[in-house]
Amino acid sequence: MPTHLTFEQHLAGFHTAMTELARHAGRGGLDVDVPSCPEWTVRRLIGHQGADHRWAAASLRGQDLAWEPLEKAGRSSPDPVEWLRDGAIELVRTLVASPADVSAPTFLHDAPPPRRFWARRQCHETTVHAVDVLAARLGRLPRADETWIDADVALDGVDELLLGFVPRSRSRLRSTTPLTLAVTITDAAHGYTVRVSDEPPVVVRHDGPVEGDRSVEGTAVQVYLALWHRSDELDSDLWPLWRDSAVL
């Protein structure tokens, strides 16, 4: 699961996402519904995200924290956004202080070492949830050009999703009739093929455009948002299979 971004770039992406999440939460309100996360409000999303930050930091320190009390603390905090910031600061301090060879759990296919894994994972986890808060403020899914997301960060996120999440044995992306999904990134000169059958998907990254039985193409940011179900900007015949299979 390659990455072309450095550890420092993932931390910078994380910082940007946190800034945007807090900004949109402050302007949109905490009790607004999140269109991309049915039955969630911004307050509940913040509880989830802050719990995730604290759980990741604890994992890097060799600790095992119970998830539910963390999430509940965030939802009930008198200032959930400040509570979220505290957890984000704790996570960054832990990542920076952790040795390169720290031992900690990871969960994606062909994952990088834990310190790099968690910097990358939290960069994208927080970016996607910041988009959720933007969607709550807008009252709809955003277009790519309405977000702040850098193309390099988006491309790294597509790599993580397609090469890390999708090939796992627990992925439910399956088809009784084998077929190939083609994903082309128009501003990066490469694409991906996802071979789907009744076995775990097989994903290959290619130089240049790709072809398949079903396909989607767009900029890195457009594809990143669409694959994470955070945009309806791209039309494609692969969405019914992708969305109905609960890929993650």
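Helix α4 passes helix α5 in a left-handed crossing; a crossing is left-handed if the near helix is turned anticlockwise from the far one by less than a right angle, and right-handed if clockwise. This is a predicted model, in which local features need pLDDT of at least 70 and side-chain atom pairs count only at pLDDT 80 or more, while totals for chains, interfaces and linings use all residues. Residues are numbered from 1 along each chain as its sequence is written, and side-chain values use heavy atoms, with hydrogens and water left out.

**Stop 1: α4 and α5**

Select residues 80–97 for α4 and residues 114–138 for α5. Helices (H or I, at least four residues) are DSSP runs, numbered from the N terminus. The two axes come within 10 Å and cross at roughly 155°. Axes here are lines fitted to C-alpha atoms over the stretch in contact, and angles run from 0 to 180 degrees between N-to-C directions. The angle makes α4 roughly antiparallel to α5 (over 145 degrees; under 35 counts as roughly parallel).

Now show side chains. Leu91, Leu95 and Val96 of α4 meet Arg115, Trp118, Ala119 and Gln122 of α5, where contact means heavy atoms within 4.5 Å. These residues divide into 5 nonpolar, 1 polar and 1 charged. Ala, Val, Leu, Ile, Met, Phe, Trp, Tyr, Cys and Pro count as nonpolar, Asp, Glu, Lys and Arg as charged, and the others, Gly among them, as polar.

**Stop 2: α2 against α5**

On the α2 side, the contact includes Val42, His48, Asp52 and Trp55. Residues from α5 include Arg115, Trp118, Glu125 and His129. By class, this contact has 9 nonpolar, 6 polar and 4 charged residues.

**Stop 3: α1 and α5**

The axes of α1 and α5 come within 8 Å and cross at roughly 20°, so the two helices are roughly parallel to each other. This contact has 12 nonpolar, 8 polar and 6 charged residues.

**Stop 4: the second largest pocket**

Select Leu11, Phe14, His15, Met18, Thr19, Ala22, Arg85, Ala88, Ile89 and Val92, which line the second largest pocket. A pocket is an open set of points on a 1 Å grid where a 1.4 Å probe fits, with protein on both sides within 12 Å along at least five of seven lines; lining residues have an atom within 4 Å of a point.

Notes:
Parallel < 35°, antiparallel > 145°, perpendicular 65-115°, else oblique.
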